[in-house]
Amino acid sequence: ASFDNDYWALEAPFTPWQLLTGTVDPQYKNANGKIQWQPDWLTRNDRASSVRLSTQVEFRGPAFAKQLGTRLAWSTQTRTRSYLQVLEADPSLLKWAETAGSGQLQASGVNLGSAFHLQSSAWQEWAGSLAAVPVSNGSLRIRLGATAKLYMGLGYVEAKSAGTRFKLHGQDSLTVFNSDMQWSYSSPRAIQALTGSILSGARPSLGSISGVGLGFDLGAVVEFGRMGDAKWKAALDGKPSFGANPYRAQLAFSLLDMGGIRYGNELTTVDIFNDQPKTLVWDTAVWAALAQGQNALFTSLESFAQSELNYSKTAQKRSVRLPATWVMQGNYRFNRWLQLGVQWKHNNQALALSSVRVVPRFESKWFELGTPLALQAGYRDFGAGAFLRIGPVWLGSDKLFSSLFQNKKSDLDLYAGISLGWNLGDSSKKN
């Protein structure tokens, strides 16, 4: 899971490390010795002309792999992913949202002009992979792999506005001076879920499928360079295909998530336009709709748009292309335990998912420790992190150290998991 933005930041007068070690200055504590959090610790980048925000969550379910002889292997795996990215937003829109959330709209009103673009999607994957080793000798090994995926769309929302200007008159009425906006959604449920989280969230949910599609991954790994240790030389002489890696250097190339999800007639597109002021009075009916929930309020606002603005609503079949990613990475073994990895990940459709990492690490069969140094969020933010594996359990954060020892934070990431393997059938063959 990760979160990043360039507008809000938590800037406390102490670091998370001081909080963990109990060395926070007493002036920031209450009478009970607890931190007395202050609203002004949440700062804003008032110099920003446009705001970007991204968050993503991924859940990897069960996976199984089996080797076929010495040259082939197959696997199956499942995954659920969701992301939300604000590609463009006027800062005044966020200020208005904060004001609305604090219930302070009784003032003279809010007047804003905003360009806005938001995308959010959630989907599940069922995948099958096949890998082969066409070349394996004492100095070179080449591995090739391909994965076919069945995508099941859980929800899609996109909202765009070339410029909309409106004014809230306290809790009495709303005047729309001009508007030019469009939004698309797979179902009203998707919009409702968007207000609370990232659509359906990264949780498997077979009952929420509203679209299907196909996709695939392609990858290649080239390994070369003989290690000097006698044990590693023996492994090379045995020409292992998918076992221990006795090569000194490794280069890998992959193209991930090529494909899309096709939604049926559930995908609705709404266009709204007006260039003359129109006013919606917050009457009893509107407040009653709000009391009934978000769907009722949305229906009330939609009725106003239909009657007072230039409004069109169409349902159509549409394919949503997923954010395909290029990945290039390399790894070098200094000895049997010390390694250095480099990774470049690029995504044209969702630049916020792009990054560059350098990862020095210590690795053995039962223990692994690494310190990734990364440029993330579209190569804009630097982070120094750490990850740890003990046996099959691993966890980490690419921004652990920068989070612990800096008092200003505008992003967060965390990953964890467990990986288990066992022998099936002949104990001499590892699966």
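The model is predicted, so local features require pLDDT of at least 70 and side-chain atom pairs count only at pLDDT 80 or more, while totals for chains, interfaces and linings use all residues. Residues are numbered from 1 along each chain as its sequence is written, and side-chain values use heavy atoms, with hydrogens and water left out.

The protein chain has seven helices and 25 strands. These are DSSP runs numbered from the N terminus (helices: H or I, at least four residues; strands: E, at least two). Of the 431 residues in the protein chain, 39% are buried. Burial follows relative accessible area: buried is under 20%, exposed is over 50%, and partly exposed is in between (1.4 Å probe, protein chains only). The chain exposes about 23,000 Å², and carbon and sulfur atoms supply 60% of this area. Accessible areas come from the Shrake-Rupley method with a 1.4 Å probe; for residues, only the protein chains shown count as cover. Contacts (heavy atoms within 4.5 Å) were also counted. Among those between residues at least 6 apart in sequence, 69% join residues at least 24 apart.

Strand pairing requires at least two DSSP bridges between two strands. Strand S4 (residues 53-68) and strand S5 (residues 72-89) are antiparallel partners, with 14 bridges. Lys 66 stands opposite Trp 74 in S5. Three residues separate S4 and S5 in a hairpin. Gly 69, in the turn, has a positive phi of about 70 degrees. Elsewhere, three strands form an open, antiparallel sheet in the order S3-S2-S23. Strand S3 (42-44) and strand S23 (408-409) are the edges; each has a single partner strand, so one side of each lacks a neighbour in the sheet. Strand S2 (residues 8-11) pairs with S23 through two antiparallel bridges. Leu 10 has Lys 409 in S23 as its bridge partner.

Nonpolar cores were defined as sets of buried Ala, Val, Leu, Ile, Met, Phe, Trp, Tyr and Cys residues joined through side-chain atoms within 4.5 Å. The largest contains 23 residues. Val 86, Leu 174, Trp 183, Val 270 and Ile 272 have the most contacts inside it. Two or more residues of this core come from each of S5, strand S7 (140-169), strand S8 (173-185), strand S11 (268-274) and helix H6 (294-308). Beyond its neighbours within four places in sequence, Val 86 is in contact with Val 51, Arg 52, Leu 53, Phe 116, His 117 and Leu 118. Another core, of nine residues, lies apart from the largest one; Tyr 83, Trp 123, Tyr 151 and Leu 322 are among its members.

Side chains of opposite charge can pair when their charged atoms come close. A salt bridge here is a side-chain nitrogen of Lys or Arg within 4 Å of a carboxyl oxygen of Asp or Glu. The whole structure holds 15 salt bridges. Asp 257 bonds in this way to Arg 81, with 2.6 Å between the closest N and O atoms. Asp 257 belongs to strand S10 (residues 247-263) and Arg 81 to strand S5, so the pair ties together parts 176 residues apart in sequence. Asp 257 is buried at a relative accessible area of 4%, and Arg 81 is buried at 12%. Asp 257 also forms a salt bridge with Lys 149, at 2.7 Å between the closest N and O atoms. Lys 149 lies in strand S7, so this pair ties together parts 108 residues apart in sequence. Lys 149 counts as buried at 6% relative accessibility. A network of salt bridges links Asp 257, Arg 81 and Lys 149 with Glu 58, Arg 60, Arg 79, Glu 125 and Asp 217. Arg 389 and Glu 368 form a further salt bridge (3.0 Å, N to O). Arg 389 is in strand S21 (residues 386-390) and Glu 368 in strand S18 (residues 367-370), 21 residues apart. Both are buried.

Aromatic pairs involve rings of Phe, Tyr and Trp (its six-membered ring) with centres within 6.5 Å; planes under 30 degrees apart are stacked, over 60 edge-to-face, and the rest tilted. The count is 12 aromatic pairs. Tyr 28 and Trp 41 are edge-to-face, 6.2 Å centre to centre, with 75 degrees between the planes. Tyr 28 is partly exposed at 22% relative accessibility, whereas Trp 41 is buried at 9%. Ring pairs join Tyr 28 and Trp 41 with Phe 14 and Trp 37 in a cluster.
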